[in-house]
Amino acid sequence: MATIIALPLYLALVAASHAPQALLGHFPLLPGGKLLDNLGEVLGRGLPGTIPVWRMLLNSLIMALGITVGKLTISILSAYAVVYFRFPLRMAAFWLIFFTLMMPIEVRFFPTYQITASLHLLNSYNGLIVPLIASATATFLFRQFFMTLPRSLADAARIDGAGPIRFFIDMVLPLSRTNIAALFVLVFVYGWNQYLWPLLTTTDASYTTIVMGMQGMINAGASFALPRWDLIMSTALLALLPPVIVVLLMQRWFIKGLTDSDK
Amino acid sequence: MATLELRQVTKSFGDTTALQPTSLAIPDGEFVVLVGPSGCGKTTLLRMIAGLETPTGGDILIGERRVNDLEPSARDIAMVFQNYALYPHMKVRDNLTYGLRLRGADKAEIARRVQWAAGLLGLGDLLDRKPSALSGGQRQRVAMGRAIVREPQLFLFDEPLSNLDARLRNHMRVEIKQLHQRLKTTTVFVTHDQVEAMTLAQRVVVMNQGRIEQVGTPGEVYAKPSSVFVASFLGAPGMNLFEAELGTDRATLHIAQAAPLRLSSPLDTAERALIVGIRPEALMPDDQGAWQMDIVLREALGAETMLHGQIGNQPCVVRLAGDAPWHEGQRIGLRVSNEALHVFDRASGVRIEP
């Protein structure tokens with residue numbers, strides 16, 4: 001199983017570590033010695049006709065972090081409102097959120113594009129981030145978690161003099177930290193891997209994200225006399241790195257939270 | 001410390017009435033227990049006193065101040081919950097001081113109060129632990145500690161002992177009683193357990209179906225239950241109840257398939273259909289006794305023995321001291337003293353005084 005998953009990664013590593021000529025004809029079985037050179041070249045200069053990969057990584061990072069932070073903030077607040085406050089149409093609001101869960105994201109692309117265009121958000125970070133931060137899934141997960149907190153916790157805090165905001169900061173946030181960590185990982189990877197939306201909303205090359213950039217490279221790469229698979233694979237390795245780092249970092253965090261057993 | 005007064009307090013949730021108009025005055029320092037079956041409105045009443053629910057009508061006064069419109073935190077009360085409701089991510093010390101810190105009490109004062117409460121409840125070694133590292137009894141004590149550090153005017157307990165095992169429950173019951181004797185803070189304690197009610201209360205408030213059935217000392221409500229409900233609810237096992245018809249002399253009670261009972265004085269009632277109640281300990285074994293009971297089940301509890309049986313076709317329980325020498329299948333003769341009889345109207349369930 002592990003071998004099957006690792007094989008494409010290994011191929012990417014091998015390809016990224018050779019000179020382009022070496023990849024013609026017989027594909028080498030062992031990594032070569034040009035990995036650092038190739039990585040340095042794509043990071044600093046990029047492929048002919050593209051922006052340097054460090055800019056793509058930065059764009060992706062800004063977009064992914066923006067989506068993650070925005071999504072978590074919006075969804076934890078709306079779940080808090082739905083669970084802890086009684087207001088008119090509370091259940092209607094919840095079901096409205098819940099129904100959007102059923103819709104594939106692509107369905108709302110064109111209306112969303114229309115709105116984004118009318119707000120003059122095309123070719124901007126806001127345009128990349130804002131339309132993607134509403135999340136029914138995260139809201140639903142936070143709601144389910146809040147429902148497992150005993151009602152008397154809120155009562156006790158109220159008697160102790162904590163208002164809604166204090167209760168949120170002192171009780172709900174610290175108790176949700178493992179859920180936040182888990183969702184952070186999922187949403188970050190989701191944000192990082194966005195392909196279609198950035199492709200639609202950005203035409204300016206300086207907003208190219210790494211995922212859409214790679215697609216461009218493959219198209220461009222084929223038209224060269226000598227396909228630069230070494231550089232494309234180097235970029236692919238770089239694109240892989242941030243989600244892996246986030247998963248590893250956050251994993252330690254939420255396992256710690258789970259083994260703390262103070263729930 | 002303060003008095004608590006309820007004036008015609010009511011509560012409805014939509015169309016359902018949770019609490020019918022209820023009035024009650026609790027003097028300063030008294031320990032009052034609200035007792036009743038689940039759904040009788042006792043917890044709703046307590047939550048309204050705490051300010052966690054808004055009464056539909058009526059006034060709640062704490063220390064002669066109307067508190068209907070005050071937030072729970074402004075009422076100067078403290079509450080202990082059934083599941084303790086400790087803040088799981090905070091150490092015991094922070095649990096105790098959270099309310100004080102929100103009120104902006106100064107550090108030295110907070111430290112003094114924590115010291116005092118920890119000493120009183122034996123929490124000294126637990127202050128730096130988290131609630132998850134505590135046993136049930138310790139959590140209960142922390143919950144009580146969180147209530148007393150605030151030095152409130154009123155303690156509210158919402159079935160605080162029902163999550164504990166039997167032995168610990170008895171132990172904590174004694175601790176709560178001792179705590180009240182030392183602090184003398186007015187206390188309202190809600191429970192469905194009549195043993196807790198009888199042992200803890202200075203006054204018992206028996207509730208049923210959203211209204212107060214009877215208020216009195218544990219002795220009063222046990223000796224003179226005001227209704228069939230109170231008679232059957234208090235005492236373990238509850239009072240034996242027999243359907244009876246009143247004779248024309250108004251002093252003879254006719255019970256199906258059992259010898260009639262004579263009251264010492266005629267009843268002043270026009271009702272014929274009555275219920276007569278006899279406590280299990282008021283039935284004495286007597287070979288010449290007028291009543292005969294077929295023993296169906298014998299429960300030996302050590303200090304006492306319960307004999308469950310049938311008199312005619314009506315069930316009956318007899319409580320005897322020690323290891324009584326009767327067994328299943330035997331027939332026991334019983335004597336009923338006429339002072340031990342409780343008579344109730346069968347239709348309304350109300351007590352009729354002889």
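Modeller: Happy to. Please keep in mind that this is a predicted model. Let me begin with chain B, where buried residues make up 39% of the 354 residues. The secondary structure of this chain comes to eight helices and 21 strands, and its C-alpha trace spans about 75 × 45 × 35 Å along the principal axes. If you take the contacts in chain B between residues at least 6 apart in sequence, 65% of them join residues at least 24 apart.

Now to a helix pair in chain B. Helix 2 (residues 92–102) and helix 4 (residues 136–148) have axes that come within 8 Å and cross at roughly 30°. An angle under 35 degrees counts as roughly parallel, and therefore helix 2 of chain B and helix 4 of chain B are described as roughly parallel to each other. The crossing of helix 2 of chain B with helix 4 of chain B is right-handed. On the helix 2 side, the contact is made by Val92(B), Asn95(B) and Leu96(B), and on the helix 4 side by Val142(B), Gly145(B) and Arg146(B). Sorted by class, the residues of this contact are three nonpolar, two polar and one charged.

Chain A is built from other elements: there are 13 helices and zero strands in it. Of its 263 residues, 33% count as buried, and its C-alpha atoms fill a box of roughly 75 × 45 × 30 Å along the principal axes. Among the contacts in chain A with a separation of 6 or more, residues 24 or more positions apart account for 74%.

Chain A has a helix pair to look at as well. The axes of helix 4 (residues 90–100) and helix 7 (residues 136–148) of chain A come within 8 Å and cross at roughly 130°, which makes helix 4 of chain A oblique to helix 7 of chain A. This crossing of helix 4 of chain A and helix 7 of chain A is left-handed. Helix 4 of chain A brings Ile97(A), Phe98(A) and Thr100(A) to the contact, while helix 7 of chain A brings Ala136(A), Thr139(A) and Phe140(A). The residues of that contact divide into four nonpolar, two polar and no charged.

Next, the place where the two chains meet. Here 17 residues of chain A are in contact with 19 residues of chain B. On the chain A side, helix 8 (151–159) and helix 9 (164–175) each supply at least two residues. Helix 8 of chain A gives the most to that side, with six residues. By class, the side of chain A that touches chain B has eight nonpolar, three polar and six charged residues.

One last stop, for a single residue. Gly216(A) sits in helix 12 (residues 210–223) of chain A. Gly216(A) and Val53(A) are 163 residues apart along the chain, and their C-alpha atoms are separated by 12 Å.

How values were computed: Residues numbered from 1 in each chain as written. Chains lettered and ligands numbered in written order. Predicted model: local features only at pLDDT ≥ 70, side-chain atom pairs only at ≥ 80, totals over all residues. Axes fitted to C-alpha atoms, helices over the stretch in contact; angles between N-to-C directions. Helix = DSSP H or I, 4+ residues; strand = E, 2+ residues; numbered from the N terminus. Parallel < 35°, antiparallel > 145°, perpendicular 65-115°, else oblique. Left-handed = near helix turned anticlockwise from the far one by under 90°. Contact = placed C-beta atoms within 7 Å. Nonpolar A, V, L, I, M, F, W, Y, C, P; charged D, E, K, R; others polar. Buried ≥ 20, exposed ≤ 12 C-beta atoms within 10 Å, placed from the backbone.
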